[in-house]
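Notes on a helix, a loop residue and the overall fold follow.

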Amino acid sequence: MWFMRQAGRSLPEYRRVRADVPMLEACARPDMITEITMQPVRRYGVDAAIFFSDIVVPLKAIGIDLDIKPGVGPVVGEPIRDAGGVKRLREIEPDDIPFIREAVGQLTGELGDTPLIGFAGAPFTLASYLIEGGPSKNHEHTKALMYGEPELWDELMRRLASITLGFLRTQIEAGASAVQLFDSWVGVLSAEDYRTSVLPYTSWIFGQLAEYEVPRIHFGVGTGELLGLLGEAGADVVGADWRVPLEQAAERIGTGKAVQGNLDPAALFAPWEVVAERTRDILARGRGTEGHVFNLGHGVLPSTDPDQLQRLTEFVHEQTAS
């Protein structure tokens, strides 16, 4: 078990380390990456560490003008909506992200037998940030380009898939034990649109990663209707959010895959008895799957009580000790 966003704003030690340090600067400092990644491992005793970074780090590394604004998220200085903008997306090279290699090396030394999970943003979610210029409710510019200019969309997604692959390869070759591909916004698509306009690029990434023989995890938000397609994409583990019962998610994902999830992050604000009951239920549903990684159905919310997460970690370990 581990928690998405376990290294982050819910921890007072994280807030102390990050005080007055912009997010993207923190993501480029190996000492800070290492410290923040280790914090939840030390505090909770989770079974895996998740590399502290952000999905837009590789875009920043290749020269895209963007920043992460508190309370807003990634904001792009000049949105990419034409062929000229797409051409600005060059390949990422290891020398663009030396801090990633250094931080992963430090972490694998400190973690010992505890696995380090690397991660990257999936092409669709990166495309949406680039096209919209920041977070979007309706993704209207993204869908307009996807529907109206399929050749330009293909070129954009190919370039982003290559950048994502390079970012993940750097983490694996530096020592990451597994990787997760986040597609935070892909739940806004229909299954037909996903199959046509996203699946080929995601599948290509997972296919290219197969040579490393490390576990590959795929996760998207609001993807209950897409879980079968996420299963087709080629990952070994598919994450389910809290909207679909775990055993139904596993059935949709298909055979030969493990399932990850799926406690509602907001449930952690309820009394402990509620959290324990819901956790027991998820663990019971997970016993009938081909493999289950306990996690939340999305990331830890910033105002979550760390003591509740620590108690949850201990409870899951107790319940699964046999």
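I began with the lining of the largest pocket: 23 nonpolar, nine polar and seven charged residues. For these classes I counted Ala, Val, Leu, Ile, Met, Phe, Trp, Tyr, Cys and Pro as nonpolar, Asp, Glu, Lys and Arg as charged, and the others, Gly among them, as polar.

The model is predicted: local features need pLDDT of at least 70, side-chain atom pairs count only at pLDDT 80 or more, and totals for chains, interfaces and linings use all residues. Residues are numbered from 1 along each chain as its sequence is written, and side-chain values use heavy atoms, with hydrogens and water left out.

**Pocket**

I looked up the volume of the largest pocket and found about 1,200 Å³. Of its 39 lining residues, Arg5, Arg9, Met23, Asp54 and Ile68 are the closest to the centre. A pocket here is an open set of points on a 1 Å grid over the protein atoms alone where a 1.4 Å probe fits, with protein on both sides within 12 Å along at least five of seven lines; lining residues have an atom within 4 Å of a point. The volume is the space filled by probe spheres set on the points.

I then checked which elements contribute. H1 (12-18), E2 (66-69), E3 (73-76) and H7 (123-132) each supply at least two lining residues. H1 gives the largest share, three residues. Helices (H or I, at least four residues) and strands (E, at least two) are DSSP runs, numbered from the N terminus.

**Helix H8**

I asked which residues of H8 (140-148) are buried: Thr142, Leu145 and Met146. They fall within an arc of 100° seen down the helix axis, so they line one face of H8. The arc is that of the directions from the axis to the C-beta atoms. Buried means under 20% relative accessible area, exposed over 50%, partly exposed in between (1.4 Å probe, protein chains only). The cover over these residues includes H7, H9 (150-174) and H10 (191-197).

**Asp65**

I found Asp65 in the loop between H4 (57-61) and E2. Asp65 is exposed, at 53% relative accessible area. Beyond its neighbours within four places in sequence, Asp65 is in contact (heavy atoms within 4.5 Å) with Val75, Val76, Gly77 and Glu78.

**Whole chain**

I noted 15 helices and nine strands. Of the 322 residues, 56% count as buried. The C-alpha atoms fill a box of roughly 55 × 40 × 40 Å along the principal axes.
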